[in-house]
Amino acid sequence: MGKYKVSMSSPDITSYEIESVNKVLNTPILSIGAQIEGFEQSIAEYVNTQYAIGVNSGTAGLHLGIIASGAGNDDLVITTPFSFIASANCILYEGATPVFVDVDPDTGNISPDLISEALHDLNHSPDSAQRWLPRSIRSLSTGKKYAQKAILPVHAFGQPADMDNILKIAREYNLTVLEDACEALGSEYKGRKVGSFGDMSVFAFYPNKQITTGEGGMIVTNNKDWDTLFRSLRNQGRDIFDAWLCHNRLGYNYRMDEMSAALGSAQMKRIDELLSKREQVANWYNERLGCVDGIEIPRIVPNTTRMSWFVYVVRLSQDMDREKIMLLLEEDGIPSRPYFTPIHLQPFYAKNFGYQRGDFPVTEKLGAVSLALPFSSVLSEDHVDYVSRKIVQAVNKFKPLNCVK
Ligand SMILES: *Cc1c(COP(=O)(O)O)cnc(C)c1O
């Protein structure tokens with residue numbers, strides 16, 4: 001923790017997890033064994049999909065989803081700029097181009113109305129398509145038709161994207177839907193768990209996620225052919241029925257090892273406890289910050305019938321200097337993070353695709369006012385109390401400025 005009195009995030013590991021991993025270390029099988037099968041089964045059952053395929057990161061899972069969608073050079077994938085960078089990078093790995101679509105101001109999730117508008121314009125004429133394409137390929141696109149392959153919504157901060165409307169549009173345009181559910185294990189949209197809506201979905205298990213395997217991810221799908229494909233792609237392109245060292249396609253080493261899988265299985269045994277502890281922590285914050293001038297607590301929309309809390313992100317009122325508030329918190333030993341920094345404004349994307357400030361106003365506004373506070377299932381009520389008191393104090397320092405307007 002260093003200079004901090006509270007950690008930004010923390011895994012929740014008990015002696016049960018430690019024993020589970022130690023047991024594996026006492027066997028000769030540290031990869032491709034019974035542990036990954038067990039972990040895959042527990043996720044498939046929990047999410048209610050037919051297949052689950054363990055991989056060594058959420059990003060690896062998303063990459064394989066893009067491959068399965070068939071998106072490659074000169075293809076477009078519709079996605080959100082308000083996300084962690086992996087959800088757009090995976091599109092670039094295959095040479096396809098992300099078409100960013102701005103988000104809903106309540107949830108920060110991709111707006112179905114804007115997806116409709118984008119697809120209409122992209123298919124209407126080369127001229128109407130221009131404004132949706134990154135500047136770097138606008139001039140090149142005259143006379144050349146880019147094919148749209150997939151929609152990749154992200155359940156930002158754990159809150160489900162508007163899947164019914166996204167699926168409706170996807171059917172209309174015959175597009176694959178890849179759900180980035182990396183922040184949302186356990187969240188429910190209209191009573192049904194996320195991960196079961198798209199053609200495939202991905203969960204991630206980095207140490208700050210709802211459950212962790214250290215590094216790791218899980219693909220879920222109901223498509224039998226894709227299950228076979230993902231198992232081959234994660235294992236150097238080897239089909240399960242192939243002879244040893246016979247490789248049918250370009251594959252990767254995206255395998256999850258047995259220690260990680262054992263850790264994941266042990267965490268899944270505790271999933272209800274882990275999620276309700278996170279919910280408790282979010283409620284403690286809500287109680288303390290719910291009526292504070294200058295701070296807005298997370299908005300949960302009616303379609304979110306269960307929120308699986310990944311992070312706790314408040315919005316500061318626009319006239320507040322977020323940097324100053326972060327510094328004040330830091331002086332009190334409290335870490336906090338701007339969250340998310342819009343993907344299109346990341347130096348790599350701005351430089352290579354020509355994105356500019358103003359391109360996605362809702363995303364940029366959310367990016368400018370959002371502040372993630374320390375959050376995990378092991379955060380105590382005293383810690384939440386401390387962080388809340390300090391952020392209220394920090395925000396109050398700005399009150400006189402508010403009144404000037
Ligand atoms: C965590 C996360 C990922 C994948 O993360 P890995 O570190 O590769 O496991 C992808 N998308 C989003 C939105 C995430 O939060």
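**Figure 1. The second largest pocket and the contribution of α2 to its lining.** In this predicted model, α2 gives the most to the lining of the second largest pocket, namely three residues. Helices (DSSP runs of H or I, at least four residues) and strands (E, at least two) are numbered from the N terminus. The elements that supply two or more residues to this lining are α2 (34-47) and α9 (224-233). A pocket is an open set of points, on a 1 Å grid over the protein atoms alone, where a 1.4 Å probe fits, with protein on both sides within 12 Å along at least five of seven lines; lining residues have an atom within 4 Å of a point. The pocket is lined by 14 residues, of which Ile32, Arg231, Arg234, Asn235 and Ile240 lie nearest its centre. Its volume, the space filled by probe spheres set on the points, which are joined across faces, edges and corners, is about 320 Å³.

**Figure 2. The largest pocket.** This pocket has a volume of about 440 Å³. Among its 27 lining residues, Phe84, Ala86, Glu183, Lys209 and Tyr339 lie nearest the centre. Two or more lining residues come from each of α3 (58-69) and α4 (86-93), and α3 provides the largest share, three residues. The lining comprises 14 nonpolar, nine polar and four charged residues.

**Figure 3. The largest nonpolar core.** A nonpolar core is a set of buried Ala, Val, Leu, Ile, Met, Phe, Trp, Tyr and Cys residues joined through side-chain atoms within 4.5 Å; buried means under 20% relative accessible area (1.4 Å probe, protein chains only). Of the 30 residues in this core, Tyr285, Leu289, Tyr312, Val314, Ile325, Leu371 and Ile391 touch the most other members. The largest share, six residues, comes from α15.

**Figure 4. Surroundings of serine 57.** Serine 57 lies in the loop between β1 (51-55) and α3 and is buried, with a relative accessible area of 18%. A polar atom of its side chain lies 3.4 Å from the backbone nitrogen of threonine 59. Beyond neighbours within four places in sequence, serine 57 is in contact (heavy atoms within 4.5 Å) with Gly216 and Gly217.

**Notes.** Residues are numbered from 1 along each chain as its sequence is written, and side-chain values use heavy atoms, without hydrogens and water. In this predicted model, local features need pLDDT of at least 70 and side-chain atom pairs count only at pLDDT 80 or more, whereas totals for chains, interfaces and linings use all residues.

Terms used: Ala, Val, Leu, Ile, Met, Phe, Trp, Tyr, Cys and Pro count as nonpolar, Asp, Glu, Lys and Arg as charged, and the others, Gly among them, as polar. Buried means under 20% relative accessible area, exposed over 50%, partly exposed in between (1.4 Å probe, protein chains only). A polar contact is a pair of N or O atoms within 3.5 Å; within protein, one must be able to donate a hydrogen and the other to accept it, and residues adjacent in sequence count only if both atoms are side-chain atoms.
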